[in-house]
Amino acid sequence: MEANIAIPSDGKNTWSGGGVRPFGASYGKMMMWFFIVSDALTFSGFLAAYGLTRFKFIDSWPIADEVFTHIPFIHGEYPMYYVAFMTFVLIFSSVTMVLAVDAGHKMQKNKVAWYMFATIIGGLIFVGSQAWEWNTFINGTYGAVKTTDGKVLQFVKDGHQIALSDFVVGERTDGRVTHTRKNGLWWESGEDVPQYSVAQIMASYEANPAIQIRSEQINLEKKQKIILSREKGLAELAKANMVVEGANLKVNEYGNTIFADFFFFITGFHGFHVFSGIVINIIIFFNVLLGTYEKRGHYEMVEKVGLYWHFVDLVWVFVFTFFYLV
Amino acid sequence: MAHAHESNVKKIWMVFGLLSIVTIVEVALGIIKPDVLHLTTFLGTSPLNWIFIILTLFKAYYIAWSFMHLEGEKKWFRRAIVWTAIFLICYLVTLLLIEGGYLYDTLAPLVRW
């Protein structure tokens with residue numbers, strides 16, 4: 001029995017990483033730093049791949065201001081404000097985290113606990129906001145059509161994008177309905193059939209001279225999407241074979257498929273980091289409450305999870321810039 | 001630990017103020033997008049993009065130096081972290097962006113708009 005236990009567990013001792021402290025950093029802190037370096041390289045890999053793809057499609061990449069325009073409970077277009085709010089939440093939770101570390105140095109148990117608690121709440125608000133952001137992105141706002149040669153066509157009126165429901169009239173004539181488990185083949189359900197059919201959209205476009213089509217192509221001088229003439233628009237629309245509402249990994253109403261893929265992948269990977277950060281923070285929070293670090297004589301563990309939490313904030317600063325600003 | 005007993009609370013709030021101001025500036029510029037900065041080109045991209053990138057690095061510096069307390073670490077520990085990351089990231093980004101530009105030059109003429 002004795003041979004299997006390296007450290008007597010009844011003594012409540014923890015392995016401190018040994019007495020050797022290269023560069024004056026403890027084992028745990030140094031390993032946290034090296035983990036952060038490798039994780040930073042992973043994120044740079046994603047962001048650099050995003051950069052490559054964006055350069056590849058520089059004349060047709062979706063314009064972030066036109067994609068992320070919503071605030072919860074408020075109608076209308078407000079680009080940037082919501083992500084700016086998310087950024088503030090994360091920076092503020094970083095501040096409470098560093099205050100917790102600071103209180104830990106002074107061995108103020110209650111302060112550490114309260115600041116950790118605030119950090120966790122901040123993290124939860126951020127993850128909740130991101131879930132809302134994803135939901136908005138996936139459901140979409142306007143809808144678009146996709147052509148056989150893979151272009152996404154959006155609809156505008158007086159230069160502003162409008163939703164399909166704003167101009168499409170009449171009944172769909174192809175008689176398609178969504179194939180559910182109870183109305184078609186047993187136990188099989190099909191993809192959702194969009195609210196409008198391609199033919200219906202085309203007829204409505206022809207009937208309403210105020211509607212124009214916006215292509216994916218960007219006028220590189222003005223940095224705006226090119227709006228097609230009525231005739232050119234009709235010619236493009238004749239190639240349409242699919243109505244797109246919202247976004248998934250295969251197709252999205254905003255433009256390039258890979259734009260949505262990167263959105264899901266990069267913000268998703270970051271969101272997962274925030275989520276795991278919250279879980280780790282909660283564990284440490286309870287350890288603080290139980291007095292684990294009070295007994296140990298130092299709060300270095302709070303410092304180590306703090307490093308991870310700040311790193312998540314650091315990554316968001318870059319995601320924010322390269323996804324929403326640049 | 002030399003920093004163990006001194007309090008950094010005041011400095012922490014100062015850094016928070018600084019990061020907030022920078023973020024507000026970024027968001028304001030992102031919403032207004034002044035034509036002079038947005039539609040002109042400087043070193044391969046618009047001056048606005050350069051401003052965003054510089055402000056981002058500025059924020060990253062303060063997060064790493066102040067919040068992650070790199071300034072208090074031993075010089076060579078700090079360098080092991082910062083130099084490694086910066087070198088590899090610059091290397092990767094340079095190669096990938098050049099490649100992306102090449103792909104655009106090669107493939108864009110083939111797209112019929």
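Predicted model: local features only at pLDDT ≥ 70, side-chain atom pairs only at ≥ 80, totals over all residues.

A: Happy to! Setting aside the neighbours within four places in sequence, A:L153 is in contact with A:A144, A:V145, A:T147, A:I213, A:S215, A:E236, A:L237 and A:A240. To find A:L153 in the picture, look for strand β2 of chain A, which covers residues 152-157.

Is A:L153 buried or exposed? A:L153 counts as buried because 22 other C-beta atoms lie within 10 Å, and the cut-off for that label is 20 or more. For a sense of distance, take A:G143, which is 10 residues from A:L153 along the chain. The C-alpha atoms of these two residues are 9.2 Å apart.

Now for the meeting of the chains. The contact between them draws on 44 residues of chain A and 47 residues of chain B. On the side of chain B that touches chain A, at least two residues come from each of α1 (9-32), α3 (47-67) and α4 (75-107) of chain B. Of these, α4(B) gives the most, with 17 residues. By type, the residues on this side of chain B are 30 nonpolar, 12 polar and 5 charged.

One last thing to look for is how chain B itself is divided. Its domain assignment gives domain 1 (1-72) and domain 2 (74-113). Taken over C-alpha atoms, the centres of domain 1 of chain B and domain 2 of chain B are 21 Å apart.

Conventions: Residues numbered from 1 in each chain as written. Chains lettered and ligands numbered in written order. Domains from an automatic or database assignment. Contact = placed C-beta atoms within 7 Å. Helix = DSSP H or I, 4+ residues; strand = E, 2+ residues; numbered from the N terminus. Nonpolar A, V, L, I, M, F, W, Y, C, P; charged D, E, K, R; others polar. Buried ≥ 20, exposed ≤ 12 C-beta atoms within 10 Å, placed from the backbone.
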